[in-house]
Amino acid sequence: MTASQRTTIGIGTVLALVVALLVVVASPANAATATVTNGNDSGAGSFRDAVDQANGDPTIDTIRFDPGLNVKLDDAVVYEGAQSLKIDGRGSTVRSSAAAMPATDWGTGLFVSNGGADLELKRLRFLDSFGSGVVVLVPGTQTGTQTTVVNDVDIRRAQFHGLFVDDQASTGFNTDGEPHPGCTDPHFVESSATVNVDIRNSAFIDNGMLDPGFDTSLATGCPQDFDGVRIDEGAAGDLIASMNNVDATRNLADGTEYDEKGEGSVLADTRNSTFDRNGETVPISDGAGGTVEDLDDGFDIDEEGPGGIVATIHNSTANSNFDEGFDIDADG
């Protein structure tokens with residue numbers, strides 16, 4: 001390869017290679033599989049039981065559903081293990097049961113991973129969650145790179161975020177950088193790790209469907225900022241995210257938001273994706289007898305502190321959003 005040929009390699013190619021290298025996860029030689037055979041909330045053969053098996057047995061690195069199950073959960077299924085875990089839904093659906101109570105914060109959901117493990121979800125639907133749809137909470141002790149792969153996953157009508165990956169301690173949940181002291185971050189933790197999220201062939205639609213009983217009397221900043229996809233990264237480490245063939249439509253706040261604070265940078269590659277009709281929010285009190293409606297975007301990147309943003313967008317659209325279509329901001 002000549003020097004002139006080397007200079008023509010695009011940043012999109014570089015990002016794709018970085019992501020491809022980061023998402024390769026090796027399986028231990030003695031790896032085992034837990035199987036989901038029914039749609040019950042708990043008990044033998046349930047999704048909860050399979051995850052509990054993985055929590056207690058580090059050789060279990062795969063959970064496989066029988067095809068086409070309809071799982072109804074009363075509350076969150078929580079994975080606490082440190083070993084990499086692949087969950088293959090094989091076309092199954094996970095949703096809230098009639099007995100599920102609405103969550104009071106966005107740090108819980110139908111499935112939560114909080115042990116720092118690399119995670120792969122595929123061929124699953126998460127519907128009508130009492131909290132967020134899928135939540136990945138990065139431990140404060142995490143180092144290296146924490147990778148989440150989402151492939152052929154459909155998350156709709158979650159009360160809060162659709163997909164929420166959190167490695168950032170914030171002083172108050174915010175909309176467009178406006179902190180609110182009355183809001184408490186449910187995962188006030190950040191690590192030195194790089195967060196890497198790879199989303200393919202997936203949909204995030206109608207998320208942020210707040211329960212009618214949820215308090216909307218607070219001034220702007222909370223609790224309106226609920227996105228189709230939300231990735232938060234703080235302290236050291238980068239936020240690396242790729243999307244290919246993703247539909248983020250009609251979410252309450254942003255269709256997709258990447259928020260990076262601290263020393264790291266945002267490296268984002270987006271291809272063949274749609275971000276339409278997001279950001280309507282709802283009117284909330286301004287504390288003076290009036291209301292505020294802080295509208296949001298189709299696709300939003302916010303970066304604060306040292307570091308920067310490298311974002312490539314290919315063959316993607318952002319139409320009829322209530323604020324910007326693509327909103328990319330670096331502060332400092």
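**Note on a predicted model: loops, core and surface**

1. Asp-128 is found in the loop between β7 (119-127) and β8 (132-137), where strands are DSSP runs of E of at least two residues and helices are runs of H or I of at least four residues, both numbered from the N terminus. Asp-128 has a positive phi of about 55 degrees although it is not a glycine. Most residues other than glycine have a negative phi. Asp-128 is partly exposed, with a relative accessible area of 27%; partly exposed lies between buried, under 20% relative accessible area, and exposed, over 50%, with a 1.4 Å probe and protein chains only.

2. This is a predicted model, in which local features need pLDDT of at least 70 and side-chain atom pairs count only at pLDDT 80 or more, while totals for chains, interfaces and linings use all residues. Residues are numbered from 1 along each chain as its sequence is written, and side-chain values use heavy atoms, with hydrogens and water left out.

3. Another positive phi in a residue other than glycine belongs to Arg-250, with a value near 60 degrees. Arg-250 sits in the loop between β13 and β14 (256-261), and is partly exposed, with a relative accessible area of 36%.

4. Helix α3 (residues 47-56) has Phe-47, Arg-48, Ala-50, Val-51 and Ala-54 buried. They cover an arc of only 165 degrees around the axis, which puts them on the same side of α3; the arc is that of the directions from the helix axis to the C-beta atoms. The buried residues of α3 pack against several strands, including β1 (32-36), β2 (60-65) and β5 (85-96), where contact means heavy atoms within 4.5 Å.

5. The largest nonpolar core has 51 residues, and among those with the most contacts inside it are Phe-47, Phe-65, Ile-87 and Tyr-258. A nonpolar core is a set of buried Ala, Val, Leu, Ile, Met, Phe, Trp, Tyr and Cys residues joined through side-chain atoms within 4.5 Å. Strand β13 (residues 239-249) gives the most to this core, with 5 residues. Leaving aside its neighbours within four places in sequence, Phe-65 is in contact with residues including Val-36, Phe-47, Val-71, Ile-87 and Leu-124.

6. A second, separate core of 11 residues includes Ala-76, Val-112, Phe-160 and Leu-210.
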